[in-house]
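Please look at this predicted model with the notes below in hand.

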Amino acid sequence: MGVKLVNERKKQKLSASLEDYLEAILNVADDSGEAKSSDVAKLLGVARPSVTGALKLLAKKGLVNYRPYGAVTLTQAGLSRATKVAKKHDILESFFIDFLGVDHSVAHPAACKTEHLLNPAIVSRMADFTDFAKKHARQGENIISILERFSKSRKAGR
């Protein structure tokens, strides 16, 4: 493997914390795509110096455009990564609330933690199940019937 490829992989490897910063920037950005570090700090419940340190690391990785005392924006790569994290979060939170009956106040922080731990293939299956179950629930089927049909359809490769 070439040195350039190894360096690119290291450059793009992110901790759960840095992924949280990307997601927070996405969530607090205004219509122009700009976010204030104070808003990111408030959303994540961290001190502003922590945000500054994270923004410097994300800028070094090419995921944000950052200047001290200025607004921060996501680069194309940062937007792509933040969108993936946010989508994972939404799938998990929806699953916890809609299928497990967990209250939003519990589901939201659980989704924040879980989004970094679960393999994307598992989250994808949860999303497939959620879509499948909602479709069949609208047709009046009970959850046991829905689970059985979903399992059979997955085993058959559908």
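1. Buried here means under 20% relative accessible area, and exposed means over 50%; partly exposed falls in between. By that cut-off, Phe95 and Phe129 are both buried. For Phe129 the relative accessible area is 9%.

2. Searching the whole structure gives 3 aromatic pairs. One of them is Phe95 with Phe129, in an edge-to-face arrangement. Their centres are 6.3 Å apart, with 65 degrees between the planes. Phe95 sits in helix H5 (residues 76-98) and Phe129 in helix H7 (residues 120-138), so this contact ties together parts 34 residues apart in sequence.

3. Phe129 also pairs with Phe99. Here the ring centres are 5.3 Å apart and the planes meet at 55 degrees, so the pair is tilted. Phe99 belongs to the loop between H5 and helix H6 (104-114), while Phe129 is in helix H7; the pair therefore ties together parts 30 residues apart in sequence.

4. Together, Phe95, Phe99 and Phe129 make up one aromatic cluster.

5. Turn next to the surface. Leu43, Leu44 and Val46 make a nonpolar patch of about 210 Å². Val46 is in the loop that separates helix H3 (37-44) from helix H4 (48-60). Val46 has 31% relative accessibility, so Val46 counts as partly exposed. Patch residues need over 30% relative accessible area.

Note on methods: Residues are numbered from 1 along each chain as its sequence is written. This is a predicted model: local features need pLDDT of at least 70, side-chain atom pairs count only at pLDDT 80 or more; totals for chains, interfaces and linings use all residues. Side-chain values use heavy atoms; hydrogens and water are left out. Patches are made of residues with over 30% relative accessible area and no salt bridge: like charges are joined within 9 Å, nonpolar side chains (Val, Leu, Ile, Met, Phe, Trp, Tyr) within 5 Å. Accessible areas come from the Shrake-Rupley method with a 1.4 Å probe; for residues, only the protein chains shown count as cover. A salt bridge is a side-chain nitrogen of Lys or Arg within 4 Å of a carboxyl oxygen of Asp or Glu. Helices (H or I, at least four residues) and strands (E, at least two) are DSSP runs, numbered from the N terminus. Buried means under 20% relative accessible area, exposed over 50%, partly exposed in between (1.4 Å probe, protein chains only). Rings of Phe, Tyr and Trp (its six-membered ring) pair if their centres lie within 6.5 Å; planes under 30 degrees apart count as stacked, over 60 as edge-to-face and the rest as tilted.
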